[in-house]
Amino acid sequence: MKGIVLAGGTGSRLHPLTTVTNKHLLPVGNYPMIFHPIARLKQAGITEILIVTGRDHMGDVMELLGSGHDFGLDFTYKVQDQAGGIAQALGLARGFCCGDSCCVILGDNVFEDDLTPAVTAFMAQESGARLLLKQVDDPERFGVAELSPDGHILGIEEKPHQPRSKYVVTGIYLYDGAVFDIIDTLQPSHRGELEITDVNNAYIRAGTCTCAVLKGWWTDAGTFPSLRRATELAADLHLGLEEASH
């Protein structure tokens, strides 16, 4: 399984912090934000990781992370030239994955759970997708999952005014190699972007999407309130990336 960290975007909701740097290089706890998803991939035994970021700050990201050798990892980099959405950014990973399954994490996701159980469960299902959910108090900010009484995922609605549940799709996705064929079929949304919700709903319609709920704390870090919360939650977190670099 390959790992993919999507760290593009302009970070406009965090201006002026992001005026001269990438959002994912801002500190969260004792680490740059991007260290958090990387550490969780490594913890799950995923060592080949693609970093997708924008043209403006690719040099800074590469300067920070290097080849991955210092972390016991192997990094590859791709530039997302335009703001075409999460699914468009994921589509850049087709050649990197070469048909392998992948664990995709949005670069501003900060969370407590070990992903090993999710990876193990996904590999056991052999195909399809597995989405990690979290119950939150403000589901209207996210893609909201509608669940059946027995916990199966029925559909996802993006930023609904009247959410059907408080379970939201976190920025942690596991996909088989068919995800790139699904991306090829997508049409841009009203925002002019290829939406990851459309990818997930395609798997749901095919009956090949499973889900699980994160047990520990989780937050994104893309707004001032969520960045502050992430910093507080991660204040004493030890990611274990230092050992390999010494």
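**Close-up views of a predicted model**

**View A. The annotated span, residues 2–233**. According to the UniProt annotation, which belongs to an unreviewed entry, residues 2–233 carry the label "domain: Nucleotidyl transferase", and such annotations may be inferred rather than shown by experiment. The end C-alpha atoms of this span lie 28 Å apart, and the span is 28% helix and 29% strand, where helices (H or I, at least four residues) and strands (E, at least two) are DSSP runs numbered from the N terminus. This is a predicted model, in which local features need pLDDT of at least 70 and side-chain atom pairs count only at pLDDT 80 or more, while totals for chains, interfaces and linings use all residues. Residues are numbered from 1 along each chain as its sequence is written, and side-chain values use heavy atoms, with hydrogens and water left out.

**View B. Helix 2, residues 58–65**. Met 58, Val 61 and Leu 65 are buried in this helix (under 20% relative accessible area with a 1.4 Å probe, protein chains only). Seen down the axis of helix 2, its buried residues fall within an arc of 65°, so they line one face of the helix; the arc is that of the directions from the helix axis to the C-beta atoms. These buried residues pack against helix 1 (35–43), strand 4 (48–54) and strand 5 (74–80), with contact meaning heavy atoms within 4.5 Å. Gly 66, which follows helix 2, has a positive phi near 65°.

**View C. Surroundings of Ile 34**. Not counting residues up to four places away in sequence, Ile 34 touches Val 5, Ala 7, His 24, Ile 51, Val 61, Leu 64, Leu 65 and Gly 107.

How values were computed: Buried < 20%, exposed > 50% of the residue type's maximum accessible area, 1.4 Å probe, protein only.
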